Amino acid sequence: MRHTMASSSVQPPLERGKACTRCRRRKMRCDGQRPACLQCERADRTEDCEYLDGPGPTPNQLLEDEISRLERRIAELSASSAPIALHDPYAAHRAREMAQQHNNDPMRALLHQFVQHAVEFGFFLHTHRFLDKVFAPNSSHSNSLRILLNVIYLFGAKLSSNPQVKAQEQAYLTRALQHLPTALPEDPRGAIYVMQAEVLLANYFFDRDRKLEGVYHTNAAVSIAMASKLHMVRSARRSRTAADSTAYRLPPPTDFLEEGERINGFWTVFILDRCWAVATGSAPAFTDDESTGTQIDTPWPMELATYQSHPYPNDFRTTRTVQSFISGADGDANVATQSMLAVHAKAAILYEGATRLASRYNPSSQATFLSLDNRIERFKQVLPRIDRVDPSRVGLLRTTLLIHTLSQCASIQLHTPLVQDRVTANSRTYQAAHAAVKLLRGVNPGILSCVNPFIGILWGSVGRVIAQGISTARRMRASGASSSSQGLPDERTLQTELERLVQAMEQNAAYSPFMAAHIRGLRPSHTA
């Protein structure tokens with residue numbers, strides 16, 4: 001009605017600059033009516049009818065400003081090599097929804113507590129797919145899945161700050177252990193869930209400073225991996241072992257992601273076995289021996305998302321994966337592009353290999369010693385730099401710290417027989433320990449409250465080297481020799497490094513009896 005009446009009489013021309021933005025762009029006569037002029041209303045574009053003389057910017061102006069800001073940001077990032085941090089715009093909304101669900105379901109709260117730290121304890125399944133299966137409506141859980149859930153609830157209770165929830169930790173542990181022996185015969189595909197439960201339980205017991213039980217569950221995980229032929233995924237050779245007829249072989253994977261979970265599960269168990277074999281003074285359970293059919297042919301693991309976006313070709317096959325890496329045939333040039341799990345596995349191989357060679361060191365093995373030493377140094381040079389990791393990606397930051405520390409400790413293990421009880425500034429053991437402590441300078445100590453239990457072993461090794469340096473410096477001082485003239489690191493520097501290391505360990509000690517025990521082992525040197 002407004003425009004019909006207006007069109008019956010001649011309207012005075014609008015003052016300059018009073019037309020709406022659409023009419024100005026199209027050079028049309030505007031009547032200046034609000035909220036929408038006649039031209040915009042006739043064209044059914046009332047949402048585009050905006051005036052620039054209002055109290056604030058129009059919605060379109062705001063959008064244009066935002067587009068300009070984003071274009072400038074893209075140009076800055078294109079000209080820089082700095083890492084790009086992507087943020088989920090719906091994360092806050094989902095977090096609120098999840099918090100509401102947790103208030104109504106304590107089991108969800110335990111799961112959420114665990115998921116935040118899952119990678120530290122060897123969780124290799126695809127998290128979102130796993131949670132979808134757990135919470136799928138009208139679905140019944142297999143025995144193997146229920147066992148895994150009880151272990152996850154165990155960790156949720158362990159990590160909880162609520163005393164009432166924490167008091168349920170033992171109940172969840174008892175429930176999981178009671179049903180564990182009956183899991184495998186019922187559900188062949190569920191062997192992966194049981195293997196995952198065994199990995200988590202092994203790390204749980206190691207973290208509780210109960211090594212015997214940790215070793216038991218590590219060996220159980222290895223047994224499942226071997227019986228399921230996970231060491232031969234995508235193998236270029238045919239199996240020749242007599243165990244084929246008796247193994248509980250897994251059904252073919254339903255998709256590339258499930259195959260990826262099996263590959264990543266194998267390497268997670270491999271790392272667990274290799275590292276804790278060193279800590280317990282035993283031989284690894286994975287023998288990697290072609291004559292016995294245990295040679296490892298499974299390809300290096302990828303990020304789980306990569307199995308979906310860039311799956312292996314159907315005819316892709318691999319062989320002698322570990323042996324090719326040790327020999328150097330699998331070079332280090334691709335380390336920067338590999339998954340962190342693959343890099344972790346390679347670091348574990350070097351660490352265990354260095355320990356084994358050092359245990360039988362003699363002058364006649366000098367060539368082998370130098371070859372492995374050079375191999376470790378080349379590997380350390382190509383590791384992803386920890387100072388380039390986005391600080392908001394806490395899980396990745398902790399994993400990167402673990403891998404770097406593991407690599408430095410490979411050098412410590414290899415050179416320990418040469419150092420004996422005298423540590424100087426030029427000692428390769430001290431140089432590696434110094435580098436390991438230096439890593440902590442750029443890490444927020446608050447993120448270290450929950451870490452992979454094995455880093456307690458590594459930090460203990462680093463601390464012992466620094467403590468040896470302090471003892472060496474004090475002996476030299478007592479004999480009247482100056483530290484600088486003897487090529488010794490400054491005692492004050494050594495004390496500062498030991499304090500930084502102990503402070504890092506203390507972040508985790510409240511949750512880990514294992515870490516607390518290692519701090520006690522370093523305390524006399526720290527407080528002297």
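Axes here are lines fitted to C-alpha atoms, for helices over the stretch in contact, and angles run from 0 to 180 degrees between N-to-C directions. Keep that in mind for the first stop. The model on your screen is predicted.

**Stop 1: helix 19 and helix 21**

Select residues 428–438, which form helix 19, and residues 491–509, which form helix 21. Their axes lie 10 Å apart and meet at an angle of about 50°. Angles under 35 degrees count as roughly parallel and 65 to 115 as roughly perpendicular, so an angle between those ranges is oblique. Helix 19 is therefore oblique to helix 21. The crossing of the two is left-handed.

Now show side chains. Which residues of helix 19 meet helix 21? They are Y430, H434 and V437. On the helix 21 side, look for T493, L494, E497 and R500. Colour this contact by class: 3 residues are nonpolar, 2 are polar and 2 are charged.

**Stop 2: helix 18 and helix 20**

Next, select residues 394–419 for helix 18 and residues 455–478 for helix 20. The axes of this pair come within 10 Å. They cross at roughly 45°. Helix 18 and helix 20 are therefore oblique to each other. Helix 18 passes helix 20 in a left-handed crossing.

Show the contact residues. Helix 18 brings L401, L402, T405, L406, C409, I412 and Q413. Helix 20 meets them with I455, L458, W459, S461, V462 and V465. How many charged residues does the contact of helix 18 with helix 20 have? It has none; 10 of its residues are nonpolar and 3 are polar.

**Stop 3: the loop between helix 2 and helix 3**

Move to the loop between helix 2 (21–26) and helix 3 (38–42), where P35 sits. Select R34 and P35 together. A cis peptide bond joins them, with omega at about 15°. Most peptide bonds are trans.

Stay on R34, which lies in the loop between helix 2 and helix 3. Is R34 buried, partly exposed or exposed? R34 is partly exposed, with a relative accessible area of 44%. Leaving aside its neighbours within four places in sequence, R34 is in contact with Y51 and D53. Then find C49. R34 and C49 are 15 residues apart in sequence, and their C-alpha atoms are 8.6 Å apart in space.

K27 is in the loop between helix 2 and helix 3 too. Check its backbone: phi of K27 is near 55°, a positive value in a residue other than glycine. Most residues other than glycine have a negative phi. K27 is exposed, with a relative accessible area of 75%.

**Stop 4: D44**

Go on to the loop between helix 3 and helix 4 (59–78), and select D44. D44 is not a glycine, yet its phi is positive, about 55°. Is D44 buried or exposed? D44 is exposed, with a relative accessible area of 62%.

**Last stop: the whole chain**

Zoom out. Colour by secondary structure. The chain has 22 helices and 0 strands. How many residues are in the chain, and what share is buried? There are 528 residues, and buried ones make up 48% of them.

Technical notes: Residues numbered from 1 in each chain as written. Predicted model: local features only at pLDDT ≥ 70, side-chain atom pairs only at ≥ 80, totals over all residues. Heavy atoms only, no water. Helix = DSSP H or I, 4+ residues; strand = E, 2+ residues; numbered from the N terminus. Parallel < 35°, antiparallel > 145°, perpendicular 65-115°, else oblique. Left-handed = near helix turned anticlockwise from the far one by under 90°. Contact = heavy atoms within 4.5 Å. Nonpolar A, V, L, I, M, F, W, Y, C, P; charged D, E, K, R; others polar. Buried < 20%, exposed > 50% of the residue type's maximum accessible area, 1.4 Å probe, protein only.
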